[in-house]
Amino acid sequence: MISPQAKQKVLSLIQHGKDEGATCLLDGSDFVLDKAGYENGNWVGPTVFADVSEDMVIYQEEIFGPVLCCMTVDTLEQAIALVNRNPYGNGTSIFTASGAAARKYQHEIEVGQVGINVPIPVPLPFFSFTGWKNSFYGDLHAYGKQAVRFYTETKTITARWFEDDIPSGPNMTISLK
């Protein structure tokens with residue numbers, strides 16, 4: 001983490017998740033890098049929670065650390081509604097073989113960075129920082145052309161598809177316009 005304070009904030013949120021009943025599948029709270037010269041770093045190891053609910057602090061706060069919160073819903077519509085209800089809009093990913101589901105998700109989701117079959121793409125200088133809702137502060141985005149276009153809400157979509165998912169046969173139709 002960038003500082004001892006940032007580390008303590010993430011450790012506090014991890015503890016909230018445990019205290020509130022989320023299932024901690026992987027706990028990075030006690031991570032220590034035992035390489036010479038790095039022992040006193042602000043290390044937090046990967047942490048994965050399951051059974052997270054909307055009333056939990058780990059859902060309600062943006063955790064800028066290596067913490068993944070997993071939630072379960074029954075339908076794509078419920079997943080979209082769940083993400084859109086969150087007060088933050090930094091990034092999200094969907095893993096699917098369905099182009100229709102991916103397209104619906106990327107168009108209806110209210111976040112700035114969308115991964116399709118890839119983890120959330122990290123903002124790099126060639127991507128604009130596209131956080132939405134409370135994931136954005138100030139009047140200018142941090143990178144790229146967005147430093148000028150501050151009245152817009154853009155979305156960066158990164159997709160990865162696999163050749164095995166390509167349909168074939170007599171029902172295959174392609175239309176170009």
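The pLDDT is the predictor's confidence in each residue, on a scale from 0 to 100. This is a predicted model, in which local features need pLDDT of at least 70 and side-chain atom pairs count only at pLDDT 80 or more, while totals for chains, interfaces and linings use all residues. Residues are numbered from 1 along each chain as its sequence is written, and side-chain values use heavy atoms, with hydrogens and water left out.

The average pLDDT of the protein is 82, and 74% of the residues score at least 70. Helices (H or I, at least four residues) and strands (E, at least two) are DSSP runs, numbered from the N terminus. Confidence is highest in strand β1 (residues 23–26), at a mean of 98, and lowest in strand β7 (residues 132–133), at 62. Where pLDDT is low, the predicted coordinates should not be read in detail.

A nonpolar core is a set of buried Ala, Val, Leu, Ile, Met, Phe, Trp, Tyr and Cys residues joined through side-chain atoms within 4.5 Å. Buried denotes under 20% relative accessible area, exposed over 50%, and partly exposed the range in between (1.4 Å probe, protein chains only). The largest such core has 15 residues, of which Ile14, Phe49, Val52 and Ile58 touch the most other members. Helices α1 (4–19) and α2 (57–60) each supply at least two of its residues; the largest share, four residues, comes from α1. A second, separate core of nine residues includes Ile80, Val83, Tyr105 and Val111.

Strands β5, β6 and β8 form an open sheet in the order β5-β6-β8, with parallel pairing; two strands pair if DSSP finds at least two bridges between them. At the edges stand β5 (91–94) and β8 (156–159), each pairing on one side only. Strand β6 (residues 113–116) is joined to β8 by four bridges, and Ile116 stands opposite Ala159 in β8.

The structure holds five salt bridges, each defined as a side-chain nitrogen of Lys or Arg within 4 Å of a carboxyl oxygen of Asp or Glu. The table gives three of them.

| Glu61 | Lys9 | 3.5 Å |

Glu77 is partly exposed at 47% relative accessible area, as is Lys104 at 27%. Through shared partners, salt bridges join Glu77, Lys104 and Glu108 into one network.
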